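Please open the model in your viewer and keep the selection panel at hand. The tour below goes stop by stop, saying what to select and what is found there.

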Amino acid sequence: MSLTSDEVKRVAKLARLGLTEAETTEILTHLNSIIGLVDQMQQIDTDGVAPLAHPLELRQTLRTDAVAETNQRDKFQANAPHVDAGLYLVPRVVE
Amino acid sequence: MYEAVIGLEVHVQLSTDSKIFSGSSTDFGGEPNTQASLIDLGMPGVLPVPNAKAFEMAVKFGLAIDAEIGQQSIFDRKNYFYPDLPKGYQISQFEKPIVGPGRVLISLEDGTEKTINVTRAHLEEDAGKSIHDAFDGMTGIDLNRAGTPLLEIVSEPELRSAKEAIAYLKVIHSIIRYLDISDGNMAEGSMRCDCNVSIRPRGSETLGTRTEIKNLNSFRFVEKAINTEINRQIEILEDGGRVIQETRLYDPDKDETRSMRSKEEANDYRYFPDPDLLPVVLDDNFISACRDALPELPEARKARYISEYGITGYDAGVLVANRDVADYFAEVANTSGEGKLAANWVMGSILAELNQTGGSITDFSVTAKQLSELIGRIKDNTLNSKTAKTVFEAMLAGDGEVDAIIEFKGLVQFTDTGTIEAFVDEVIAGNPEQVTNYRAASEDKQVKMLGFFVGQVMKRSQGRANPQAVNQILSAKLSG
């Protein structure tokens with residue numbers, strides 16, 4: 001299996017990446033080599049092997065429900081390009 | 001004729017103290033971004049740690065709807081871009097949700113019951129809020145809500161009308177309130193609903209093309225949006241057109257749904273297991289502890305109220321739908337020892353008043369204790385139904401306790417025959433023409449004509465005469 005350049009463009013669009021034609025061609029080559037590797041892995045017989053959700057065979061530890069964070073808004077917002085009235089401002093998104 | 005096919009996705013905010021993956025507070029209404037930590041902001045290098053309480057609440061819900069519990073559940077990333085989702089993905093559950101197939105029972109208008117299957121319920125994080133109109137050319141983002149735990153409950157498309165959808169939604173609301181896993185406040189967004197709606201010719205087995213109406217936040221809007229959308233789809237088909245699969249928004253001002261085209265292209269979420277989170281494995285002890293902590297649920301309480309208080313199935317159904325109302329009723333019924341009267345007063349006066357004001361019974365101005373006293377005064381014949389109503393209204397207005405109001409307003413019912421007889425004699429003497437007509441009339445006409453005299457006597461007694469006694473004395477005196 002291999003990708004087409006249209007598929008690369010679609011994935012780039014979903015990831016909000018702007019690619020030039022030259023970059024698209026380059027990435028197509030890289031992605032296809034990865035897909036080649038996946039093709040190779042697909043040939044391994046995995047019948048009877050349970051699917052794995054995570055490479056570490058461990059269980060997730062859960063946290064007790066308690067508020068542990070304090071308000072650090074000023075510190076965090078010092079990093080933001082635009083803030084007003086405590087809100088982060090971003091270019092307008094119209095629904 | 002067409003038949004509607006409806007499935008609901010209900011998002012319930014779980015009432016944990018802290019968020020699902022961080023230790024930030026989940027309190028509603030805080031100053032913007034004061035409850036948004038590095039994890040909620042999606043900063044690089046942070047790791048989410050799941051909140052055990054959210055799992056406990058999800059498991060309780062699963063047990064309450066008789067569902068399979070996913071003892072091993074997995075978190076996935078649902079990828080999409082929106083400014084109120086800083087990571088660029090929402091942590092959700094896709095293939096292995098915490099709650100598997102279950103079912104709820106809804107009551108239909110004709111009194112029959114119907115089982116609605118729940119496909120699944122999964123845990124996920126809520127997004128932040130966008131404020132679109134306050135800033136010139138910019139959108140403001142508040143991430144206090146980001147990371148609030150949500151339980152998304154997905155039904156099978158087994159609902160056939162807006163009414164059934166509302167009945168289902170009310171049962172879900174009732175269950176989460178009984179379990180106390182969410183405040184269920186739709187106006188504040190603690191419970192939100194997406195509706196999948198399609199239509200097909202009645203009798204057909206194939207499904208029509210569906211549309212999804214997003215983010216409805218009141219029972220009334222859910223009902224109106226579904227009906228509006230069903231009619232829109234019928235019109236399209238009648239005109240020979242085809243329904244397009246899309247996401248739509250309901251506009252309550254215009255009572256119409258409109259296409260939300262921006263969502264279409266993004267509808268490719270590229271789910272994959274979140275490498276930041278290991279599978280969550282719940283052992284049998286965890287689940288049995290949740291089971292042991294389950295309260296009495298609405299269905300069980302309904303059955304108990306019918307047998308304990310001798311009220312009808314319909315009344316019991318109305319009273320148990322809201323846990324606080326059910327508790328209030330039980331207190332009144334137990335204290336006054338009058339189940340039926342308690343049911344009548346709670347349904348007829350209190351629920352009617354709450355419906356009008358939109359208030360909650362927990363801060364209602366007449367307490368359960370006061371209503372019990374009022375019923376006590378009806379029982380011991382101090383009050384009749386009319387004067388009881390007067391006392392109730394006075395209590396609503398904050399005029400104080402039952403006995404004080406009765407005394408202050410002079411409402412004690414006249415039960416002694418002498419006083420009532422005096423009123424009756426006055427009325428008979430004052431209306432000679434009516435008396436003559438009455439005495440000349442046939443017996444079945446007399447029954448109707450008696451109402452006039454009763455009314456006159458009650459008027460003279462300022463509503464305080466015992467109506468049964470008035471009836472008896474009047475008929476006796478008139479026939480003599």
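How many helices and strands are there in chain A? Select chain A and colour by secondary structure: there are three helices and two strands, where helices (H or I, at least four residues) and strands (E, at least two) are DSSP runs numbered from the N terminus. From the N terminus on, these elements follow the order α-α-α-β-β. The radius of gyration, taken over C-alpha atoms, is 22 Å for chain A, well over the 12 Å that the globule rule (2.2 Å times the number of residues to the power 0.38) gives for 95 residues, so the chain is more spread out than a compact globule. Its C-alpha atoms fill a box of roughly 55 × 45 × 25 Å along the principal axes.

A word on conventions: this is a predicted model, in which local features need pLDDT of at least 70 and side-chain atom pairs count only at pLDDT 80 or more, while totals for chains, interfaces and linings use all residues. Residues are numbered from 1 along each chain as its sequence is written, and chains are lettered from A and ligands numbered from 1 in the order in which they are written.

Next, select the open sheet of eight strands in chain B, which has mixed pairing and the order β5-β6-β9-β1-β10-β11-β12-β13; two strands pair if DSSP finds at least two bridges between them. At the edges stand β5 (102-107) and β13 (256-259) of chain B, each with a single partner strand, so one side of each is left without a neighbour in the sheet. Strand β12 (residues 247-251) of chain B pairs with β13(B) in the antiparallel sense over four bridges, and D251(B) has E256(B) in β13(B) as its bridge partner.

Of its 63 residues, A58(B), F61(B), A165(B), Y168(B) and C195(B) touch the most other members. Helix α2 (residues 162-179) of chain B gives the most to this core, with nine residues. A second, separate core of 35 residues includes V346(B), A388(B), V391(B) and I405(B).

Finally, colour chain B by its automatic or database domain assignment: domain 1 (7-194 + 248-289), domain 2 (298-409) and domain 3 (417-479). The C-alpha centres of domain 1 and domain 3 of chain B lie 65 Å apart.

Notes: A nonpolar core is a set of buried Ala, Val, Leu, Ile, Met, Phe, Trp, Tyr and Cys residues joined through C-beta atoms within 7 Å. A residue is buried if 20 or more other C-beta atoms lie within 10 Å of its own, exposed if 12 or fewer, and partly exposed in between; C-beta atoms are placed from the backbone.
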